[in-house]
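Welcome! Please have it open and follow each stop in turn.

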Amino acid sequence: MSARLTALVAGFVAIALVLAQDVAPGAAFYHSWQYALALAVALALMAGYAAGAWRGHDGPVGRRLVLALAGLAVVDLAGLASGLLGPDTATIVGTPGTVAPIPVLGAAAFFAPADADALARGAGSVVLRRRGHSAIELGVGTRRLLGDSVVSLTPRPALYVEAWDARGAHLTVTQPAGTAFLSPVLQFGTRQRITDALTVPVDGFATPAQHRSFRALYFSPRDLAGFPHRIGDPSRPAVILTVADDAGRPLGIALSQGGRLALGGVTLRLTLGTYPALAIASAPDPVALALGLGAFVLGLIWVAALTRLRRRARVAHAG
Amino acid sequence: MRRALLFLASLFLLAGCYDTPAGTGGSTGGGPGMLAGAPAQSFALPRTDGRTDGLANYRGRVVLMNLWASWCTPCRQEMPALERFAREEAGKVVVLGVDQGESAGVAAAFARERGVTFPILVDESEQYGSTYAAIGLPTTIVVGRNGTIVRGIDGALTLEQMRAAVMPALAAATPR
């Protein structure tokens with residue numbers, strides 16, 4: 001393989017690796033030494049060729065190709081800087097209706113309130129407010145570039161809990177171990193290993209007026225499909241609830257895929273759905289990317305123009 | 001279905017054989033104290049007297065908002081001092097009770113029984129509780145005349161502590 005081809009291949013690999021940070025953000029690989037090494041090797045190959053080409057070792061085409069390679073080098077460096085110096089990937093699980101400070105973005109994230117219907121529809125949004133900037137509203141599936149970070153919303157399992165006593169009086173639902181003490185929305189912030197092969201989201205809530213505490217294990221349709229017995233409707237997620245009294249005595253266990261349920265003397269209405277979490281990942285600097293890709297394209301056009309001129313000159317000479 | 005439930009119950013038992021769950025994601029906790037300086041959020045809710053009300057209706061006045069529930073022992077203990085404070089500071093401070101998660105009937109019966117005269121919002125879906133980062137009950141939020149949170153306090157307060165809590169808000173200049 002010629003030095004020119006090697007440098008170009010290294011450049012294309014570097015572009016692919018760097019743009020991957022924008023296309024599929026959040027992978028731990030971008031912060032690994034292997035990723036940094038790959039970009040550094042690509043940079044060295046491009047620099048090695050460019051140094052020779054600039055001195056005329058590869059003719060006029062090689063000299064013009066230096067501009068394109070310089071653009072690739074800028075893209076490579078932007079990716080390297082983002083991987084090495086950018087913020088680590090983080091997922092912020094915010095309770096609906098709350099505000100969470102995001103120091104890495106210099107912003108506050110407003111997690112939209114959500115009722116049972118919104119959870120069932122998977123509708124949730126987060127508004128990012130930064131001093132001196134207009135507010136940015138993020139919906140599930142959208143992604144925005146903020147400085148050296150990519151922010152996006154990823155849906156997570158959530159359970160909306162409503163509870164009543166035997167007389168039909170509405171009960172306060174608390175989450176003594178949750179991120180929000182007073183919230184009817186369980187967000188399964190922890191995972192529990194239940195077999196060697198299966199780890200599932202787990203959460204808990206209490207109805208203090210009735211002295212009951214509940215624990216909920218969440219099973220996705222994929223988890224349900226892996227069980228030897230058919231459990232409910234395998235196309236929908238399910239929760240297993242256990243209930244205990246204040247002394248920790250178990251009072252019952254039930255499976256629910258949503259709807260009303262009586263357990264431990266409490267009537268529950270459960271709504272299974274999703275609520276988004278805010279994912280933050282590092283991203284290459286957009287200005288550097290634009291400049292680098294611009295220089296790369298200009299460099300290629302310059303090379304193409306030279307090649308075309310030469311071809312015309314050859315045709316004219318032959319004629 | 002019974003076999004399936006037995007299977008699931010055995011999974012639950014197995015779950016206990018492993019160590020404590022591994023955490024994922026960040027936490028947004030921190031309690032009501034961290035809210036000072038933030039704009040006070042308002043939700044329109046029914047009151048125990050049937051009217052609809054919300055924090056936004058008291059803009060321009062100093063508000064002491066108390067989140068409580070009838071099952072909460074410290075809330076019950078705090079209520080006489082809160083009622084006395086509401087009577088003493090009437091005209092200067094609005095006291096707004098917000099029952100967390102209970103039915104209007106339960107909240108109204110509790111208020112009647114305790115002789116509570118200040119307005120009580122019935123927040124069945126605990127919107128105020130989650131938004132104001134309550135980490136327990138009672139939780140007290142002092143809102144200034146300009147609609148920003150002056151203080152957020154976790155736990156029951158004495159009459160003197162209530163007076164001290166609203167002092168900075170009362171001392172602040174009235175917004176134009």
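In this predicted model, strand S3 (residues 107-111) of chain A is joined to strand S4 (residues 125-130) of chain A by five bridges, and the two run antiparallel. To find your place in this pair, look for Ala108(A), whose bridge partner in S4(A) is Arg129(A). From there, the stops below take in the sheet around this pair, a hairpin, a pair of helices and a helix in chain B.

**The sheet around S3 and S4 in chain A**

- S3(A) and S4(A) belong to an open sheet of four strands, in the order S2-S3-S4-S5, with antiparallel pairing.
- At the edges stand strand S2 (99-102) and strand S5 (136-139) of chain A; each has a single partner strand, so one side of each is left without a neighbour in the sheet.
- Going from one strand to the next, the twist averages 25°.

**Strand S12 and its partners in chain A**

- Strand S12 (residues 238-245) of chain A is mostly covered, with six of its eight residues buried.
- Strand S11 (residues 212-219) of chain A runs antiparallel to S12(A), and eight bridges join the two.
- S12(A) and S13(A) make a hairpin with four residues between them, and Gly248(A) in the turn has a positive phi of about 85°.

**Two helices that pack together in chain A**

- Helix H1 (residues 3-23) and helix H2 (residues 33-54) of chain A pack at an angle of about 145°, and their axes are 9 Å apart.
- Their crossing is left-handed.
- Where do H1(A) and H2(A) meet? Among the residues on the H1(A) side are Ala7(A), Ala10(A), Gly11(A) and Ala14(A), while the H2(A) side includes Ala38(A), Ala42(A), Leu45(A) and Tyr49(A).
- The residues of this contact divide into 13 nonpolar, three polar and one charged.

**Helix H5 in chain B**

- Helix H5 (residues 159-171) of chain B has 13 residues, which at 1.5 Å a residue should span 18 Å; the end C-alpha atoms are 18 Å apart, so the two values agree.
- Which residues of H5(B) are buried? They are Met162(B), Ala165(B), Val166(B) and Ala169(B).
- The cover over these buried residues includes helix H2 (73-88) and strands S4 (62-68), S5 (93-100), S7 (139-143) and S8 (149-154) of chain B.

Conventions:
Residues numbered from 1 in each chain as written. Chains lettered and ligands numbered in written order. Predicted model: local features only at pLDDT ≥ 70, side-chain atom pairs only at ≥ 80, totals over all residues. Axes fitted to C-alpha atoms, helices over the stretch in contact; angles between N-to-C directions. Left-handed = near helix turned anticlockwise from the far one by under 90°. Contact = placed C-beta atoms within 7 Å. Nonpolar A, V, L, I, M, F, W, Y, C, P; charged D, E, K, R; others polar. Buried ≥ 20, exposed ≤ 12 C-beta atoms within 10 Å, placed from the backbone. Pairing = 2+ DSSP bridges. Expected span 1.5 Å × (residues − 1).
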